[in-house]
Amino acid sequence: MGGLLPAAVLIWDAYTGALGANPIQRATLQTGLLTLTLLVLSLACTPLRLLTGWTWPARIRKALGLLAFGYGALHFLIYLLDHGFSLGAMTEDVLERPFVTAGFTALLLLVPLALTSGRNSVKRLGFARWTRLHQLVYLAASLGALHYYWGVKKDHVPPLIYAGIIAALFLVRFLKRGPVGRRGRGRPGPA
Amino acid sequence: MSTPPDKKDPVAERRILTPGSNLNPRREFLRTAALFTGTVAALGGGLEVLTRRPGAGSAEAQGTDFVRPARPLGPYDTQEAVTSYQQATTYNNFYEFGTDKSDPARLAGSLKPRPWTVRIDGEVKKPQTVDIDTLQSWFPLEDRIYRMRCVEGWSMVMPWLGFPLAGLIRRLEPTGKAKYVQFTALLDTKQFPGQRSNVLDWPYVEGLRLDEALHPLAFMAVGLHGKVLPGQSGAPLRLVVPWKYGFKSIKSIVKITLTEKQPQTTWALAAPGEYGFYANVNPAVPHPRWSQATERRIGELGRRKTLPFNGYADQVAGLYAGMDLRKFF
């Protein structure tokens, strides 16, 4: 629910002209940042649980992931609007410019994850296969950070901060998963 | 939390971990509502703080008016609709103030355009340091309504006030060795807070070949929309080279040096594969990371086709006869 607030503010800003002289560019930037931020937050859930033993991060993980996909889709729609919904221009961009290729691939990777976010999908796919599929989010987030880095003209500090956080989260998973996971199994947890 | 549960009691522990347990339903409801509200506020608020970049506030058309007679459009003026003063002065790339486009309008108050002197040296017969008001008084002010195309893919139509660069160059009396003109912007972290970060090598340096500088389109602006140039637009003196990407049009100039060798320019140094010395607007040569075929005119939603040399090909293409503009981008 809270994740929809930025969308509401964005619409309000667009309505009141607060997006400035180039509203499409600003909306593109903002939805892109929202996508990446939400992806990072969803990736932070498991490390947070591993480090603290809290269970609530795991419960909001799916909502964060779906919100990330929602903003990613919005980001893409605004990009399409920016190019007058010209599929030719889009195809050329995707094929010829690594910056766009990375972003587009990241979004495509999120599609199957969003489609299999329901409880039924876990049952149908089996937990192991479902888990493996959803590991695509690691690649999507990394490509998202790369897309951000390549999209910036010069000030590379913010994209590097995102990349750094993502790398740190991967590291925590890598280091913590084994031991804590085993301990966790012995503990009474939520069903 | 009036009665903390006994941590050693496994049943009590499970009761906390398991929602829907035999807690007081009213308390359970309040707890859930509080958690929900808290999460919504924290997530929404946090995302706002992390990602929102509000546009700059409205810039009043303030400042001193230049007194000048109305005049008909000149041979170099475009008849296209002029970008509003508000938009032209709140959407700026001026990394000396910060990398966000709203930074310049917000922070321009720290720039003090008077007193201001310009140092003129290098391959000239009369090197000197001149006060900006004196320099300005050497020439009658002219209007020029020029298109401006940013390398990022947006454009504006700007009504400048100033004088042709050629007049200034001739007055400086270049020596026979002069081949290029190098411009240097102010370096002062007190007036330019963005210079405290080293996103670029400060001070900002730009340059033109001498024949480019002598072209009648090359212009030195001291005003915009009939007003004295505001800080975010490059007060008190800036270059305007309308057939090149906007970053060539260096702002807040303190030094003009005529040189024998091609100057090292700021963006060409920062990313040589992306920004060249020439930086002529060219829809056929994409930036490595985005197309340059189209642009958005500020104030419009759609995109329009970008024209070679930003629509000034008839006037300036001859300057580059025989040059491979893919190589000399």
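A salt bridge here is a side-chain nitrogen of Lys or Arg within 4 Å of a carboxyl oxygen of Asp or Glu. One joins the side chains of Asp82(A) and Arg296(B), at 2.2 Å from N to O. This is a predicted model: local features need pLDDT of at least 70, side-chain atom pairs count only at pLDDT 80 or more, and totals for chains, interfaces and linings use all residues. Residues are numbered from 1 along each chain as its sequence is written, chains are lettered from A and ligands numbered from 1 in the order in which they are written, and side-chain values use heavy atoms, with hydrogens and water left out.

**Helices of chain A**

- UniProt, in an unreviewed entry, places the feature "transmembrane region" at residues 30-51, 63-81, 101-118, 130-150 and 156-175 of chain A. Its positions are given in the numbering used here, feature names are shortened, and annotations may be inferred rather than shown by experiment.
- Residues 101-118 of chain A are 83% helix and 0% strand, with end C-alpha atoms 28 Å apart. Helices (H or I, at least four residues) and strands (E, at least two) are DSSP runs, numbered from the N terminus.
- Residues 130-150 of chain A are 95% helix and 0% strand, and their end C-alpha atoms lie 31 Å apart.
- Helix H2 of chain A (residues 23-52) has 30 residues and should span 44 Å at 1.5 Å a residue; its end C-alpha atoms are 41 Å apart, which agrees. The expected span is 1.5 Å times one less than the number of residues.
- H2(A) bends by about 30 degrees at Cys45(A), and Pro47(A) follows within four residues. The bend is the angle between axes fitted to the seven residues ending at a residue and the seven starting there.
- Of the 30 residues of H2(A), 21 are buried, so the helix is largely enclosed by the rest of the structure. Buried means under 20% relative accessible area, exposed over 50%, and partly exposed in between (1.4 Å probe, protein chains only).

**Interface of chains A and B**

- In contact (heavy atoms within 4.5 Å) are 42 residues of chain B and 36 residues of chain A.
- The two chains bury about 3400 Å² between them, 58% of it on carbon and sulfur atoms. Buried area is the accessible area (1.4 Å probe) that two parts lose on being put together, summed over both.
- Leu47(B), Thr51(B) and Arg289(B) supply 19% of the area that chain B buries against chain A, more than any other three residues.
- The rule finds two salt bridges across this interface.

**Salt bridges in chain B**

- Over all chains, the structure holds 21 salt bridges.
- Glu152(B) pairs with Lys101(B), the closest N and O atoms being 3.0 Å apart. Glu152(B) lies in the loop between strands S3 (142-149) and S4 (154-164) of chain B, and Lys101(B) in the loop between helices H3 (85-88) and H4 (103-107) of chain B, so the pair ties together parts 51 residues apart in sequence.
- Lys101(B) is buried at 10% relative accessible area, while Glu152(B) is partly exposed at 21%.
- Arg304(B) forms a salt bridge with Glu300(B), with closest N and O atoms 2.8 Å apart. Salt bridges that share partners join Glu80(B), Arg147(B), Arg149(B), Glu295(B), Arg297(B), Glu300(B) and Arg304(B) into one network.

**A buried strand residue**

- Thr184(B) sits in strand S5 (residues 180-185) of chain B and counts as buried at 10% relative accessibility.
- Beyond its neighbours within four places in sequence, Thr184(B) contacts residues including Pro203(B), Tyr204(B), Ile250(B) and Lys255(B).
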